[in-house]
Amino acid sequence: MPISLLQKLVKLESITPKECGIYEIIKAEFAHFAQNPLLDTLIIEQEKQGVKNLFYLIAPKNTAKSSLRHLCFAGHIDVVPPGQGWEYEPFCAMEHDGYIYGRGTQDMKGGVSAFVRAICRALDSIITESKSAKSRIIKSKAIKSQLDSKNIQSCLKGCMISILLTSDEEGEGTYGTRLMLEELKNQGLLPHFCIVAEPTSIAQSGDMLKIGRRGSINGTIVIEGKQGHVAYPEKCINPIELLGDRLGLLAGVELDSGDKYFAPSKLVVTDIRGGMEVVNITPQSLKIMFNVRNSPRSSADSIRAYIESVLAHLPFTLTLKTNSLPFITSSHSALVQLLTQTIAQHFHITTQLSTSGGTSDARFFAAHNIDVVELGVPNDRIHAINERVSIKDLCLLCDIFTQFLLDFTHSNLAH
C-alpha cells in the first residue's frame, strides 16, 4: 500500500523547485519491472533552471510503441513552503489517529504515492495472469511457437503505462510538465489518456473528478488624472471620481453565464490604490488589479472589449495577461466513462464531474489534445498549516487506480 512510500516522500523537503532525490526512490519502486523479460522500460530525465522532470514508461516487449494505447499518470513532487504553527513538524510524516501529517500529503505526494503503488500492483497482477495463461496453454499441448512473442506482446493487452513527474508545478511551471511533453512529442510518445493525481475529492477519494479547468487572466487598469489640492477641486482631475459608479460594473461582474460544467467568468478586483495616503491631495492616477477565472465563453479579447465599453471616454490603459486557457475533456469521453464506471461498480461511489478550483498541469496535456482528467484525495487542507491525508482515503485512491488499470487493460481503450 502507499503509506510507507508517502512517508518517505514527505520527509524530503522538496519545496519548489527542489527534487531532493525523490526520483531515485520512485525509480526503485519500478526496478524489478526493468528486469522482467516480458517488459520494456524507458526513462527520460530532464533538468533545466533547477527544475527536474521524470518520465518512466513501461511497455510490452517486442511490440511497436506506435501500436499501443498509452495511459499516463502525472503529478508533481514539489510542495509550497510550510509556514509556521504546525502541530507536528511539516516534514516528519507523522502518523496519528488515522492520518499522515506533513506538507504535500494531499498536494500531491499522496496522489503520486497512490499511483506509483497502483501501477506496481496492477502490473504484478497482469504479469501473473499472463504467466498463468501461458501455463494453461502449455498443459493443453499447444504448439510452443505460439507462446513466444504472441504471449509476451499480450502481457499488457495492447497498452503501455507511464508516469510523468515534475518539481515545478507550484512555481512558474515553465520548465516542468510543459517541457517534458514537448520532448515526448518529439519522440512520438505523447499519451492518449492521462490522469493527474491532483487532490480533487471532497468527502472521500473518488467522489469528484475534474474534467477541465477554468482559465486564468490577470489584468491591470490605470486611470489617469491630474494631481492637485483638495481645496481647489476645479483644478484637479480626480481619477477616483472618474471611475465613480463604473466600479460597480467591474468589481464582481459576471462576464458570461457559464454552462453545465463551468461557473460564470467573474471579474474579481484584488487591489485598488492611488494617491499618497494623505487627505489633502487628489491622486495623479488610480490603479486597479483584477483576475478573471474564465470559462471557454470568455477570453482576453472579450474581457478587453467589455472593460473598454465600461470605461469609454476615460483616460485609461489596460493590460491583460493570460496565464492559462480553459479546457475540458468531454464527459462522454471513453476515459471519463470508464473511470467513473470503475469507481461506481467496484467502490459504490457516485462521482461528480467538475471544473472548479485553480489551474493545474492538466492544462498542458489538454493543449496536446490528450484526454485528461484529475483525480486525487480530498483537498480540505491543501497549502494549509497541518496539512494531512486520511490513510483510508489514500488507500482507497490506490485501490481505485489499481482497479482502473486492470479495467483499462481489458477495455476497448487499450486496443
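Let's start at a turn: in the hairpin of S1 and S2, with two residues between the strands, Gln 49 takes a positive phi near 50°. Strands here are DSSP runs of E with at least two residues, helices are runs of H or I with at least four, and both are numbered from the N terminus. The model is predicted, so local features need pLDDT of at least 70 and side-chain atom pairs count only at pLDDT 80 or more, while totals for chains, interfaces and linings use all residues. Residues are numbered from 1 along each chain as its sequence is written, and side-chain values use heavy atoms, leaving out hydrogens and water.

Strand S1 (residues 39–48) runs antiparallel to S2, joined by ten bridges; two strands pair if DSSP finds at least two bridges between them. Across this pairing, Ile 44 has Phe 55 in S2 as its bridge partner. S2 also pairs with strand S6 (residues 159–166), again antiparallel, over six bridges, and there Leu 57 stands opposite Ser 162. How enclosed is strand S2 by the rest of the structure? Largely so, because nine of the ten residues of S2 (residues 51–60) are buried. Buried means under 20% relative accessible area, exposed over 50%, and partly exposed in between, with a 1.4 Å probe and protein chains only.

Now to the aromatic rings. Ring pairs link Phe 30, Phe 33 and Tyr 56 into a cluster. Rings of Phe, Tyr and Trp (its six-membered ring) pair if their centres lie within 6.5 Å; planes under 30 degrees apart count as stacked, over 60 as edge-to-face and the rest as tilted. The count comes to eight aromatic pairs. In one of them, the centres of Phe 30 and Phe 33 are 6.4 Å apart with planes at 40°, so this pair is tilted. Both of these Phe residues, Phe 30 and Phe 33, are buried.

The backbone has some details worth a look as well. The peptide bond from Thr 16 to Pro 17 is cis, with omega near 5°, and Pro 17 lies in the loop between helix H1 (3–10) and helix H2 (22–29). Another cis bond joins Asp 107 and Met 108, with omega about -15°.

Ala 93, with phi near 55°, is buried, because its relative accessible area is 3%. Asp 97, with phi of about 55°, lies in the loop between S4 and S5 and counts as exposed, at 65% relative accessibility.
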